[in-house]
Amino acid sequence: AAIPVSQTFALDGHLSDSDCRELMEMFLPPYISKDNKLLQTFWVQFLYRRVKVFDENEDFNYNEKHEDMGGSLMETMLSEVRVMLEQDQNRSWSCYNHSQLIYDFSTKGKPEFRLICTSPEDMNPEKRIKLESLDLPGFVIPTSDDLLQRSTLDRFISQAMSIPLQERDGEMRLACVDDNNFVLTLDFAIKLLNIHERVACKVPCIMEGETGVSKTALTKMYSILSNSALQTDANISTAAALCEIESDLRERLNIEELSSIDVYDTPSILERLSELIGCGIEPDDCRYLHDQLVAASLSRGAVFEDLESKLTCETYTAENVNDLLVWFAGAKLEPTFFDINVHAALTEGQVLSKFEDIRRIARKLRHTNAVVVVFLDEINTSSIMGLFKEIVIDHFICGDALEANIVVVCACNPARKQFAMDGEMMRENDLAREWASGHYQVSEMKGSLGLLKWTYGSLNKDQEKEFIFRRIQMLNSVIPPYLQASLTELVCTAQEAIRGFAEQHIRERMKQLVP
């Protein structure tokens, strides 16, 4: 029988620690200093995740057709790792081709390689020939037209995060993206993949960007995506429980069973049960329904929000029981996203208090697949950077290891720099800083926090246009495509006019303030 490629390396014998260090130094990329052990560690963690896919991928292990399959894939891997470890992620993806592999773990134990290219027409011809020749299942170079489709972006994220797609409006899409009215663009998709890769490789995720560029919204969306399967399962189990409760109540009241029902249609089941309660059922029947709902609530998994004491009562009125019913049907889960707004007055005690609640929920959810995401916003406005360094870089808090299912993502604002121009003090850099003038006192990130931050950037002209277009599509799907395009142009033109007006008046005002 053929030996898997990944097992042939064992034939060379066991490598000692010194052998490993020697090989690392030999192949360490020039953008990582030999003295920078922290960055070396994260470089190894990025590569380790990718080598694990090689170990388990059958197409690679039993490949007899393509001589350079491993080399072609590894070349792309090394390139994407460099992009991950570089600080600047503020790129115009549609004008610059970034090729990145997606590691699809949807089938347990059988990971697959997928590919995303941000500007396929600009791909190096030699590299395109190499990648096209691999003929791996599902491994396709997308076209520019593909990248304009929401379904394409949804598929990439679905594959990377192992989230099932659902049919929406004739397309297979990520339902939670639509349900939360999130505008998914190519830029946001790449950044979501960036966050996910860092989390999967246990590499700290520190974004640097101005206020109002969707850092919080993107991180919250990552949390929703990470836990979307839990919410789907919760909705299904809740509907099934309600269906059983309805059946029992109908039998108790001698009401004929419905001939055909959709067991997953929670709103319809809730409406029917509310109607039964509203018809004036006896107090004993109210108590029976109340006890059924309480028992069902207590038997639900740890991911569900705990039953509030105010919803259980000694007076079993129709109103009280209906309140309990509505709460149960809501299938509310424990919160898995925590947004901590950092500021100069935030004390160590306040941070510890916030993390007490976060850690309590994380411990409750430790036997589920839930991911508890903590977003530390504007971290470099704080006076307790040592504590945040321990939380973000070390995954500890006051010497105590954070729970494994806690993911910390943080954001910082660019440090304010000033320089003299014609005798006036003007802010350095782009217009976004003009808008935020004077609102934040931030410090430059130092040490490991500064080393690992990556520039989130703001939307450039083309990215903003794509965002507006997709937002208009979401507002009203019946608007014809030509009118959507016209409205997009109109809004973009208005945005430019407002910016020009604001810039002119801000500069005039600054001249008045700085004599």
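In this tour Ala, Val, Leu, Ile, Met, Phe, Trp, Tyr, Cys and Pro count as nonpolar, Asp, Glu, Lys and Arg as charged, and the others, Gly among them, as polar. The model is predicted, so that local features need pLDDT of at least 70 and side-chain atom pairs count only at pLDDT 80 or more, while totals for chains, interfaces and linings use all residues. Residues are numbered from 1 along each chain as its sequence is written, and side-chain values use heavy atoms, with hydrogens and water left out.

Begin with the largest pocket, whose volume is about 1200 Å³. A pocket here is an open set of points on a 1 Å grid over the protein atoms alone, where a 1.4 Å probe fits and protein lies on both sides within 12 Å along at least five of seven lines; lining residues have an atom within 4 Å of a point. The volume is the space filled by probe spheres set on the points, which are joined across faces, edges and corners. Select Phe 9, Leu 15, Leu 23, Val 51 and Met 74, the closest to the pocket centre of the 26 lining residues. The lining as a whole divides into 18 nonpolar, five polar and three charged residues. Next colour α2 (17-27), α3 (37-56) and α5 (69-85), the elements that give two or more residues to this lining; α3 gives the most, with eight. Helices (H or I, at least four residues) and strands (E, at least two) are DSSP runs, numbered from the N terminus.

Move on to α10 (residues 186-200) and α11 (residues 215-226), which pack at an angle of about 65° with their axes 10 Å apart. Axes are lines fitted to C-alpha atoms, for helices over the stretch in contact, and angles run from 0 to 180 degrees between N-to-C directions. Show Phe 188, Lys 191, Leu 192, Ile 195, His 196 and Val 199 of α10 together with Leu 218, Tyr 222 and Leu 225 of α11, which make the contact (heavy atoms within 4.5 Å). By class, this contact has seven nonpolar, one polar and one charged residues. In the loop between α9 (175-179) and α10, select Asn 181, which has a positive phi of about 55° although it is not a glycine.

Finish at α12 (residues 228-252) and α15 (residues 318-329), whose axes come within 10 Å and cross at roughly 145°. Thr 238, Ala 241 and Leu 242 of α12 meet Leu 325, Phe 328 and Ala 329 of α15, a contact with five nonpolar, one polar and no charged residues.
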